[in-house]
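Here are my comments on the model, as numbered points. Please read them with the structure open.

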Amino acid sequence: MAEPADFRDVLVHPFGSSGRSTRVLVAEDDPVSRHRLHVALSSWGYDVISVVDGQEALRELARPDAPKLAILDRSMPKVDGLEVCRAVRETVPGQYVYIILLTSHDTDDEVLEGFDAGADDYITKPFDTRQLKVRVRSGARIVQLQQQLITAREQLREKAMHDPLTGLLTRGA
């Protein structure tokens, strides 16, 4: 069975379908881990925004041009990663934010608590950069596919509202 003609559009790289670099938010209070994350993500072509706590992360994620992929430390001052996950899932309208929790907590109950709070993925510290790379790439693919779905939905909505011959609004519009 042949692949659809537009299959190449779902190949994922650090640059989104618009050619702009995928933006990634890193919220990590430990300066060494934050630096390691920033350097690794930047070297892979991602546009990285680093913050030191959950309060700053929420501020960044509330912006109109907010990153659609976030790596959050579970244990941060002011607002922890679990609280950020819950707040994002409850309040961020529009586009989906893919959240990876980064933590030294690795018991089954703690991992499940992270997923229940709204995390999409989980990486334990100290993290392996190879594992981080593939997990971020998977998150970027999901974000890009979601953007493609939104674009397709809007194109279909436009076509459904206008007569293709006259360009006038249809009765259902």
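1. In this predicted model, helix 2 meets helix 3 through Gly54, Ala57, Leu58 and Leu61 on the helix 2 side. The partners in helix 3 are Val84, Ala87 and Val88. By class, this contact holds 6 nonpolar residues, 1 polar residue and no charged ones.

2. The geometry of that pair is as follows. Helix 2 covers residues 54-61 and helix 3 covers residues 81-91. Their axes lie 9 Å apart, and the packing angle is about 20°. Because of that angle, helix 2 is roughly parallel to helix 3; the cut-off for this label is an angle under 35 degrees. The crossing of helix 2 with helix 3 is right-handed.

3. Helix 3 also packs on helix 4. Here the axes come within 8 Å and cross at roughly 25°, so helix 3 and helix 4 are likewise roughly parallel to each other. Leu82, Cys85, Arg86 and Arg89 of helix 3 meet Glu113, Gly114 and Ala117 of helix 4. The residues of this contact divide into 3 nonpolar, 1 polar and 3 charged.

4. Which residues touch the most other members of the largest nonpolar core? They are Leu25, Ala57, Leu72, Val84, Cys85 and Leu101, out of 21 residues in that core. Two or more residues each come from strand 1 (23-27), strand 2 (47-51), helix 2, strand 3 (69-73), helix 3, strand 4 (98-103) and helix 4 (108-117). Helix 3 gives the largest share, 4 residues. As a general point, nonpolar side chains in soluble globular proteins tend to be buried together.

5. Leaving aside residues up to four places away in sequence, Ala57 touches Leu25, Ala27, Val51, Leu72 and Val84.

6. Not counting residues up to four places away in sequence, the contacts of Glu60 are Leu25, Ile49, Val51, Ala66 and Pro67. Leu25 and Val51 are also touched by Ala57.

7. Val52 sits in the loop that joins strand 2 to helix 2. Its relative accessibility is 34%, so Val52 counts as partly exposed. With residues up to four places away in sequence left out, Val52 touches Glu28, Asp29, Arg34 and Pro77. Between Val52 and Pro31 the C-alpha to C-alpha distance is 8.1 Å, although 21 residues separate them in sequence.

8. Last, the chain as a whole. It contains 5 helices and 5 strands, and from the N terminus on these elements run β-α-β-α-β-α-β-α-β-α. Of the 173 residues, 38% are buried. Among contacts with a separation of 6 or more, 60% join residues 24 or more positions apart.

Conventions
Residues numbered from 1 in each chain as written. Predicted model: local features only at pLDDT ≥ 70, side-chain atom pairs only at ≥ 80, totals over all residues. Heavy atoms only, no water. Axes fitted to C-alpha atoms, helices over the stretch in contact; angles between N-to-C directions. Parallel < 35°, antiparallel > 145°, perpendicular 65-115°, else oblique. Left-handed = near helix turned anticlockwise from the far one by under 90°. Contact = heavy atoms within 4.5 Å. Nonpolar A, V, L, I, M, F, W, Y, C, P; charged D, E, K, R; others polar. Core = buried A, V, L, I, M, F, W, Y, C linked by side-chain atoms within 4.5 Å. Buried < 20%, exposed > 50% of the residue type's maximum accessible area, 1.4 Å probe, protein only.
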